[in-house]
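Work through the exercises below with the coordinates loaded. Each task is followed by a stepwise solution.

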Amino acid sequence: MKKPVVGVIGNSHRVENRFQVQMVGERNLRAVAEVSGAVPLMFAGSPDITDISALLDVVDGIVLTGARANVHPTRFNVDPCEKHEPYDIHRDEVALALSVACVARGIPLFGICRGLQEMNVAFGGSLHPEIREIPGRMNHRMPRLENGEIHPDPTVVFADRHDVDLIPGGAFATILGCERIKVNSLHGQGILEPGQRVVVEGVADDGTIEAIRIADAPTFALGVQWHAEYDPQRNPINRALFEAFGDALLARRRAAA
């Protein structure tokens, strides 16, 4: 049997302030290839380039990666604010429609960080633009030096920073074999109100939603707020998630065959 193919969404960037490009972090591609056992295929987060129906005809699963840009607030009926930029409205259009289409067609879907947020908004949920501003919440953003610059050591940036309690008997607890895990934290935006089909399966000690699944999805349809693509080759939690995603890919390919 041929390897499954996984579509990995691209993010819009401008190189040298002149050249518009679509980019995907290599860790996402390696996680799909080395742990899920699939062939990663980057596609553009731009609706005038990416035909969602055609894309889903050729892939066995989709990964919605993290990204610097926030989901545009008008997607959940909130006025935009300059301090919460940048936004990527083109990726929003692709990712939100894609989330619904994957679930409807039974195509495995894995949302990571922004991807979890997109899944929530796609099913009618809302986001808070800066989760640390809610009373009682911790700072979930990546570690920085005293001068405000991002810490130069990726092992510090992606280090596990807080616990997440999982719903007993839920999809995550079943996959991971436990009900409490420790994860990294590199986000500002977070879920405020879950969408209609969004089942909350993991919550941080401060109440921040960290793991979701889409109710009644016929296959893998999970989202995590942490960056699961970081070192799943050695991190047992992240590895188990990408392996479970890989199992879902193979199951779908076998069913199609």
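**Exercise 1. The lining of the largest pocket**

Task: Find which elements each supply at least two residues of the lining of the largest pocket, and state how large the pocket is.

Solution: 
- Step 1. Strand 2 (11-15), helix 1 (26-34) and helix 4 (114-122) each supply at least two lining residues. Keep in mind that this is a predicted model.
- Step 2. Strand 2 gives the largest share, with 3 residues.
- Step 3. The space in this pocket comes to about 1,000 Å³. Its lining holds 36 residues, and G66, A67, R68, A69 and M142 are the closest to the centre.
- Step 4. Sort the lining by type: 11 residues are nonpolar, 14 polar and 11 charged.

**Exercise 2. From strand 1 to strand 6**

Task: Determine in which sense, parallel or antiparallel, strand 5 pairs with strand 1 and with strand 6.

Solution: 
- Step 1. Strand 1 (residues 5-9) pairs with strand 5 (residues 61-64) in the parallel sense over 3 bridges. Here G7 has I62 as its bridge partner.
- Step 2. Strand 5 also pairs with strand 6 in the parallel sense, over 3 bridges. V63 stands opposite F110 of strand 6.
- Step 3. Now check directions in strand 6. L109 and G111 point one way, F110 and I112 the other, and all are buried. In a regular strand, side chains alternate between the two faces of the sheet.

**Exercise 3. G177**

Task: Locate G177 and decide whether G177 is buried or exposed.

Solution: 
- Step 1. G177 sits in the loop between helix 6 (171-176) and strand 9.
- Step 2. The relative accessible area of G177 is 65%. The cut-off for exposed is over 50%, so G177 is exposed.
- Step 3. Look along the chain: I237 is 60 residues from G177, yet their C-alpha atoms are separated by 9.5 Å.

Terms used: Residues numbered from 1 in each chain as written. Predicted model: local features only at pLDDT ≥ 70, side-chain atom pairs only at ≥ 80, totals over all residues. Heavy atoms only, no water. Pairing = 2+ DSSP bridges. Helix = DSSP H or I, 4+ residues; strand = E, 2+ residues; numbered from the N terminus. Buried < 20%, exposed > 50% of the residue type's maximum accessible area, 1.4 Å probe, protein only. 1 Å grid on protein atoms, 1.4 Å probe; cavity = no way out; pocket = protein on both sides within 12 Å on 5 of 7 lines; lining within 4 Å. Points joined across faces, edges and corners; volume = space filled by probe spheres on them. Nonpolar A, V, L, I, M, F, W, Y, C, P; charged D, E, K, R; others polar.
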